[in-house]
Amino acid sequence: MLELAPNTAYPVGQLTPSIVLYEPSFEGWLSAVFYVYANKLHDDEALQLIAQDCYVPSLIAQATSVVPNEEHAERVLVKLNQLLGRSGMRNLLWGFLSEKEHIGTTLFWVVKYAIDYPNRHIMQDVGNLHVLELVQTVKSVGREKHRMEAFVRFEHTTDDIYFARVEPDFNVLPLIGEHFRQRYQDQHWAIYDITRGYGIYYDKSNSTVTRPATLQTITDLDDAVLRRPASIHSADERRYQQFWQGYFTNVNITERKNPRLHRQYLPQRYWKYLSEKQILPNAEHIQKRR
Amino acid sequence: MAAINYERLQGKLNILADAAKYDVSCSSSAGTRKNQGGGLGDASKTGICHSYTEDGRCVSLLKILLTNHCIYDCAYCTSRKSNDTPRAAFTVEEVVDLTMQFYRRNYIEGLFLSSGIFKNGDYTMERLVEVAKILRTRERFNGYIHLKTIPGASKELLLEAGLYADRLSVNIEIPTKSGLALLAPEKSHDELKAPMQTVKEEIVTIRESRKTHKKAPKFTPAGQTSQMIVGASNETDLQVIQLSSHFYQTYDLKRVYYSGYVPMLSDNRLPAIGTPVPMVRENRLYQADWLMRFYGFGAHEIVEPESPFLDLDCDPKLAWAIRHREHFPVNIQTASYEMIVRIPGIGTKTAKKIVTARKFNQLTLYHLKKMGAAVNRAKYFIATTGKNEHLAHLTRENFRQYVLAQTQTKYKDQRSGQLALF
């Protein structure tokens with residue numbers, strides 16, 4: 001009977017796992033891809049690659065956890081680099097950082113498509129629904145990256161660090177660091193992702209005239225400071241926030257008020273950390289007085 | 001440097017932001033300045049909108065007037081001499097301080113500095129240039145700087161401004177000569193175009209010299225722009241579009257902005273206070289402008305002399321397609337890119353996707369939808385390999401009414417107030 005033919009990768013009697021769990025890092029996912037090919041699971045149409053922390057155990061499906069393996073990850077990376085090039089790899093990484101529920105599986109089908117058709121520019125084939133899904137996810141991640149580059153609001157602290165809190169939809173800190181590193185070379189700054197509990201920090205004393213400092217990762221910031229950064233504001237900070245609020249209010253044309261458009265461009269979930277959206281209607285400092 | 005009086009600065013900022021708000025340009029794109037040598041700021045090629053005001057406009061730059069004192073009395077301008085409005089003036093150091101501090105907090109991409117004209121054009125322009133010079137040299141600021149060229153300022157000052165600024169602009173204000181003569185008798189189109197010509201010539205000169213001397217200074221790397229007010233005088237869209245087309249071709253402008261007139265002054269030469277801002281018309285003009293700059297349309301195709309206004313009920317590309325059904329249906333599997341971007345509901349990005357994806361697949365309306373096309377409009381104009389039953393409508397008698405009825409915006413109620421102007 002065909003369906004009971006011995007599978008060389010598995011002892012007879014063990015079911016083929018249709019779910020492969022990876023440790024939630026890009027390396028973890030690459031290791032899982034290696035595992036799938038090493039165990040010849042790649043033709044299983046029901047195969048799913050799921051991040052460990054998102055997996056809800058079920059009675060029907062059987063899941064296998066893959067331990068990250070640097071060597072395996074590296075081998076997959078080299079192969080994918082060769083198949084997809086820089087821009088293709090960028091798509092995979094950005095897609096991965098979306099942390100979407102099914103992204104591990106989508107990425108896998110894209111990778112399999114690339115491996116099956118090594119001479120095809122598969123990333124251009126948006127007629128393939130997995131490629132399309134990835135391209136659209138990359139677009140959302142790109143949009144979030146751009147929004148974070150726009151909506152980060154630094155607050156100057158008593159330590160002379162410009163500090164910002166964010167809660168991005170996707171894990172975009174690894175993508176926005178370079179933009180801020182190039183731009184703010186002559187000030188200390190940090191951006192902290194409250195949702196994911198880590199941040200990036202630029203210490204200008206490590207920079208030289210020709211080379212901005214390398215970014216550092218920071219974790220475990222004081223909860224009290226994160227909730228109320230005003231406690232560490234420098235003497236000038238409040239003044240400039242008020243200037244900004246006065247500017248923001250007065251550059252608006254009230255005759256053209258358009259709340260729907262306003263919300264479309266500036267979705268409400270971002271307002272929390274925008275000082276210009278914390279203005280009381282009759283605040284003294286927004287009035288036009290000489 | 002003089003100490004800054006921070007107590008008074010808030011009031012000044014509020015007044016001079018308010019006075020600058022009718023200048024539409026907020027773009028911070030096309031900057032190429034890199035942060036070299038550990039300074040502050042690094043241009044973003046595509047520009048960044050850091051916030052949006054409640055009117056839905058982008059806040060990218062600190063857009064202020066140096067002063068709203070003005071010797072001119074242009075009817076449409078809130079800073080006109082005869083208007084009873086609070087006046088204020090920044091010092092050069094105050095503008096520098098606000099720009100640096102806002103930039104450091106990631107509020108802005110840079111500075112847009114304009115001014116009312118005090119004493120004379122040169123005196124005003126000198127101060128604008130001084131701000132830009134201090135930012136670039138003393139503060140080592142590499143963010144975006146957009147300076148307004150003041151009418152009547154000397155050529156030498158314009159040339160100096162272009163060395164520090166990323167972009168220069170002079171507003172043509174009113175699209176027709178007769179309209180300008182009526183509303184701003186002290187200004188003329190020729191006088192306003194003169195600095196445009198100077199800047200354009202210098203851009204060409206510097207571009208040539210950079211071919212041989214790589215280190216030659218850059219001159220307004222983001223080019224120059226202009227703005228005109230629509231709805232303040234009785235200009236037609238045909239006149240507006242033709243003037244823009246002329247600017248793009250003759251002066252190589254990067255952008256022309258259209259500012260729907262907001263009635264805020266009582267003057268019998270102007271629409272009465274309370275007249276709705278012509279926002280739909282303004283929107284259609286921008287769409288038409290895009291068609292000229294990115295879609296390969298000529299001005300003569302967008303508005304035709306026999307009906308000199310844009311169709312407010314539908315976008316100008318759809319309007320063109322309805323007038324010229326002889327060009328449709330377009331087969332997305334085989335047509336050229338140039339023809340695909342002319343299909344209503346398909347933008348440049350989708351058109352590019354179509355051209356690459358069709359090598360792999362026979363594209364269907366479903367694919368188009370997934371790629372982001374507005375299929376509700378596009379479907380009447382497209383031939384695919386499979387059958388497209390919507391094409392049957394293309395030859396209908398009342399095609400325009402039919403398509404408009406099917407593609408009506410759900411926000412019509414909110415926008416219809418605008419139409420009363422005409």
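I started with β6 (residues 167–169) and β7 (residues 224–230) of chain B, which pair in the parallel sense over two bridges. Helices and strands here are DSSP runs, H or I of at least four residues for helices and E of at least two for strands, numbered from the N terminus. Strands count as paired if DSSP finds at least two bridges between them. I noted B:Ser169 standing opposite B:Thr225 in β7(B).

Before going on, a reminder to myself: this is a predicted model, where local features need pLDDT of at least 70, side-chain atom pairs count only at pLDDT 80 or more, and totals for chains, interfaces and linings use all residues. Residues are numbered from 1 along each chain as its sequence is written, with chains lettered from A and ligands numbered from 1 in the order in which they are written.

Next, the whole sheet. I read an open sheet of six strands in chain B, order β3-β4-β5-β6-β7-β8, with parallel pairing. Which strands stand at the edges? They are β3 (61–65) and β8 (255–260) of chain B, each with a single partner strand, so one side of each has no neighbour in the sheet. The twist averages 20° from one strand to the next.

Then the helices of chain B. I found α1 (residues 6–20) of chain B lying across β3 and β4 (110–114), at about 95° to β3(B). Axes are lines fitted to C-alpha atoms, for helices over the stretch in contact, and angles run from 0 to 180 degrees between N-to-C directions. Contact means C-beta atoms, placed from the backbone, within 7 Å.

I also checked α7 (residues 237–251) against α8 (residues 279–294) of chain B: their axes come within 11 Å and cross at roughly 35°. Among the residues that meet are B:Val240 and B:Ile241 in α7(B), and B:Leu285 and B:Met292 in α8(B). By class, the residues of this contact are six nonpolar, two polar and two charged. For the classes, Ala, Val, Leu, Ile, Met, Phe, Trp, Tyr, Cys and Pro are nonpolar, Asp, Glu, Lys and Arg charged, and the others, Gly among them, polar.

Last, the chain interface. I have 48 residues of chain A in contact with 49 residues of chain B. Which elements of chain A give two or more residues to this side? They are α4 (129–151), α5 (173–183), α7 (237–250) and α8 (259–265) of chain A. The largest share, nine residues, comes from α7(A). I see 21 nonpolar, 14 polar and 13 charged residues on the side of chain A that touches chain B.

Key. Contact = placed C-beta atoms within 7 Å.
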